[in-house]
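I opened my notebook to get to know a new structure. Come along and look things up with me.

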Amino acid sequence: MKKNNKVKRQRKKPITYKDYLKGQKNSKIFVFSMQILILIVFIGLWELLTQTGVLDPFIFSSPSRICITIVDLAKNGNLFTHIFVTLGETVLGFIISTLIGTIVAIFLYESDYLRRILEPYVVVLNSLPKIALGPMIIIWFGAGTTAIVVMCVLICVVMTTISMLNAFLEVDKGKVLLMQTMQASKLQILFKLILPATFPQFITVLKVNVGLSWVGSIMGEYLVSMAGLGYLIIYGGQVFKLDLVMASTTILCFLAAIMYFAVALLEKHVNNKK
Amino acid sequence: MDIIKLDNVCLNYFTKTGETEALKNISFKVNEGDFVSVVGPSGCGKTTLLSAISGLLTPQHGKIFYNQNGEVSENIPKNFFGYMLQSDELFPWLTVYKNIVLPLEIQKIKTKANLDYIDNLLKKYGLENFKNKKPTELSGGMRQRVALIRTLALRPKVLLLDEPFSALDYVTRISVANDVANIIKEEHKTAILVTHDIEEAVSLSNKVVILTRRPATVKELVELPFNENETITSRRENFKLSEWQTKIFD
């Protein structure tokens with residue numbers, strides 16, 4: 001017989017509730033510190049490599065040059081104009097596409113016929129690269145803000161419809177049956193069961209739409225605009241001002257993050273209210 | 001006085017592969033105050049029968065009559081039925097109280113009298129202190145009691161119970177089934193229970209409708225009146241289940 005009595009698993013020390021709370025707090029601090037550290041190392045390394053000439057600052061820009069460009073843009077008053085133009089288009093596209101997408105999903109959910117009739121069209125629209133519609137949108141809506149908002153809406157709306165429709169269809173059939181046994185109308189089933197039950201999926205759609213609506217507005221600005229962050233990026237690329245491209249991209253990152261956190265705040269607020 | 005009368009009810013299902021007979025010539029009566037259990041082999045059409053009675057499905061042949069205060073009609077009177085499903089189906093985003101009030105909101109009859117009735121039920125059945133809790137904070141048995149009070153909120157004449165205890169574990173099932181049956185008796189309601197649990201059927205009810213395999217026909221209707229000193233618990237102990245099992249599944 002093998003003598004393996006010596007190999008014993010060491011039991012962990014028991015912990016108190018105070019230790020548990022401390023552990024939770026420490027792990028939170030650790031994660032946050034690591035997130036900040038990654039950012040600092042990335043920015044520091046980038047700056048160092050461009051300062052020492054390993055990377056060409058003309059091609060790769062650098063954090064300090066990005067800061068100078070942003071300050072310059074702010075000084076001559078153009079920065080906020082560009083930010084507000086893009087932000088306006090994005091928020092408008094985000095709201096319109098979420099509303100239209102959800103309303104279409106409601107109609108498709110309520111009518112089995114409509115769902116079956118429109119299914120192939122929805123599938124084709126979803127797989128179609130929306131940028132391909134760019135020239136048509138410019139001709140139909142003009143080379144201006146409307147065309148950009150339409151582009152933004154087109155990118156988000158089909159995804160919103162498909163996601164919300166799937167969420168509606170996945171609502172527990174037993175609960176729908178229960179509402180029917182209470183003689184609830186279709187509208188009551190929608191407002192008292194379907195919409196509240198699918199709120200978590202709705203928030204997920206909003207979070208995805210935050211990203212997609214930025215894609216839509218920037219893509220639209222690439223095509224037609226005379227102002228906005230997308231315009232700055234395309235202009236910077238054309239005249240080889242990589243500092244301008246990087247500065248605009250950095251601002252975009254911040255704005256997208258703010259919009260995402262706004263949705264997360266809404267989620268928290270509604271959940272608390274529940 | 002019979003409150004529901006089924007007369008030669010036949011109901012078929014249509015699928016791409018053909019027509020399936022679910023119910024065939026079902027006839028029986030339910031008297032006011034009856035606790036009727038419908039038993040039969042799995043998949044024989046018990047739930048279909050309940051759906052036909054409640055009006056969720058319409059039979060191809062035969063008639064179902066409903067008696068509301070002496071007025072007999074084929075149309076289902078308003079709030080005649082209260083339905084309890086296999087799962088409690090409580091909405092997790094609403095509190096216990098809001099779940100119970102839901103049917104009143106749907107029917108737009110959230111009157112003081114109806115709310116007082118709900119408060120009384122909550123008090124009577126030990127749920128008063130849980131009214132502001134979410135359903136997830138309750139035990140399986142408590143959730144079923146909440147579901148029953150929600151069903152009673154509209155003061156239906158007849159309760160349709162579609163295997164409401166099947167999702168519970170054995171011990172909880174017995175206690176909740178007894179509990180629910182006692183509440184139904186105390187509130188003087190008529191009930192039709194669909195179940196595959198023979199012990200449950202014979203101990204809770206005064207009438208058992210035994211259905212055959214699909215297409216379901218009435219194999220036998222057994223009257224099991226409660227004796228004066230008999231309780232649900234004492235019935236559970238006295239009945240010879242094996243005899244019943246043979247009767248139902250042979």
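Predicted model: local features only at pLDDT ≥ 70, side-chain atom pairs only at ≥ 80, totals over all residues.

**Entry 1: the model and its elements.** I went through chain A and found twelve helices and zero strands. I then looked up how spread out the chain is: its radius of gyration is 26 Å, well over the 19 Å that the globule rule gives for 274 residues, so chain A is more spread out than a compact globule. Along its principal axes, the C-alpha trace spans about 80 × 70 × 45 Å.

Entry 2: How much of chain A is buried? I found that buried residues make up 35% of its 274 residues. The accessible surface of chain A comes to about 17400 Å², and 70% of that belongs to carbon and sulfur atoms.

**Entry 3: charges.** I looked up 26 positive and 13 negative side chains in chain A. The centres of these two sets lie 20 Å apart.

**Entry 4: rings.** How many aromatic pairs does the structure hold over all chains? I got ten. One of them joins Tyr260(A) and Phe261(A) edge-to-face, with 6.0 Å centre to centre and 85 degrees between the planes. Tyr260(A) counts as partly exposed because its relative accessibility is 37%, while Phe261(A), at 55%, counts as exposed.

Next I turned to chain B. Phe80(B) and Phe81(B) form an edge-to-face pair, 5.0 Å centre to centre with 90 degrees between the planes. Are these two buried or exposed? Phe80(B) and Phe81(B) are both buried. I also saw that ring pairs link them with Tyr66(B) into a cluster.

Key. Residues numbered from 1 in each chain as written. Chains lettered and ligands numbered in written order. Heavy atoms only, no water. Helix = DSSP H or I, 4+ residues; strand = E, 2+ residues; numbered from the N terminus. Rg over C-alpha atoms; globule rule 2.2 N^0.38 Å. Buried < 20%, exposed > 50% of the residue type's maximum accessible area, 1.4 Å probe, protein only. Areas by Shrake-Rupley, 256 points an atom, 1.4 Å probe, with all protein chains shown as cover. Lys, Arg positive; Asp, Glu negative; His and termini not counted. Charge placed at Lys NZ, Arg CZ, Asp CG, Glu CD. Phe/Tyr/Trp six-rings, centres within 6.5 Å; stacked < 30°, edge-to-face > 60°.
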